[in-house]
Amino acid sequence: MAQFVELWVYLSATPLFGLTATLVVYVLAQAVYARLRQAPWANPVLWSVLTIAAVLLATGVPYPTYFAGAQFIHFLLGPAVVALAWPLWQRRAELRARWGRLLLAALAGGAAASATAVALGHALQLPADVVLSLAPKSVTAPVAMGVAQAIGGIPALAAVFAVLTGLIGALSGKYLFDLLRIARDPAGWRARGFALGTAAHGIGAARAMQVDADAGAYAGLALGLQVVLASLLMPLVFRWL
């Protein structure tokens, strides 16, 4: 027991704590997720976030100390997103044939996601900077932070909204698509994946990739389109409003 306490004291004061805690918690959450046959409510990202937050609160470890180690995993987000290009490259012929419809769908989906978030914020009479932080909620967190800063929102709050949106999308997507009776044939999987990537960015794309290869590829495409469109168009639109 004394050796465990000494190990804990050592880890909690070094970057090894954040790295070790993240890896251990996620591996365990992924194992439970697989054991439960990938049930949406058992999403490993959700339970990893909740577990690590509970551990930090219970042990009093400051978040900067945790992130000093977790930043090594955070760095891998970039290469992970770039890796989504591989399944798109494998389907380049069909994407070339559908590029016009996909672009229009991305514009419509991104506009709907942003407009409904802003409308809800106004309906709840939230402060203006909070409403502007909601606008890029369906764009992956790092880009949402940059967009929020450009339009007058709060970058940290935009990141929180983006993560929550991704988790909600990954948890509810299956049930919503089933409710809408979207088929599970190749065309249906493409539609499910594209919708999930549009509304729930990277977390939704990861969920789609686990379920079906076509869904994952189209979710990755939708994620990339939203990043480009939001970065280019959202600052211009909010400058005019």
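Author: R98 counts as partly exposed, because its relative accessibility of 25% lies between the limits of 20% for buried and 50% for exposed. As the model is predicted, this value, like the others below, is computed from predicted coordinates. The partner of R98 in a salt bridge is E94, and their closest N and O atoms are 3.3 Å apart. E94 is likewise partly exposed, with a relative accessible area of 26%. Both residues belong to helix α7, and since they are four residues apart there, about one helical turn separates them.

Helix α7, which spans residues 92–123, also packs against another helix. Its neighbour here is α11 (residues 186–211); the two axes are 11 Å apart and meet at an angle of about 45°. The crossing of α7 and α11 is right-handed.

R192, which lies in α11, is buried, with a relative accessible area of 5%. The side chain of R192 meets that of D178 in a salt bridge, with 2.8 Å from N to O. D178 lies in helix α10 (residues 155–179), so the pair ties together parts that are 14 residues apart in sequence. D178 itself is partly exposed at 29% relative accessibility. A further salt bridge joins D178 to R184, at 3.0 Å from N to O, and R184 is partly exposed at 47%. Together with K174, the residues D178, R184 and R192 are linked in a network of salt bridges. The structure holds five salt bridges.

The surface of α7 has a nonpolar side to consider as well. W99, L103, L104, L107, V228, L232, L233, L236, V237 and W240 form a nonpolar patch on the surface, and their accessible area together is about 1000 Å². Two elements, α7 and α12 (213–240), each give two or more residues to this patch. The largest share, six residues, comes from α12. One of the patch residues is L232, which has its place in helix α12. L232 is exposed, because its relative accessible area of 55% is over the limit of 50%.

Conventions
Residues numbered from 1 in each chain as written. Predicted model: local features only at pLDDT ≥ 70, side-chain atom pairs only at ≥ 80, totals over all residues. Heavy atoms only, no water. Patch = residues over 30% accessible without salt bridge, like charges linked within 9 Å, V, L, I, M, F, W, Y side chains within 5 Å. Areas by Shrake-Rupley, 256 points an atom, 1.4 Å probe, with all protein chains shown as cover. Salt bridge = Lys/Arg side-chain N within 4 Å of Asp/Glu carboxyl O. Buried < 20%, exposed > 50% of the residue type's maximum accessible area, 1.4 Å probe, protein only. Axes fitted to C-alpha atoms, helices over the stretch in contact; angles between N-to-C directions. Left-handed = near helix turned anticlockwise from the far one by under 90°.
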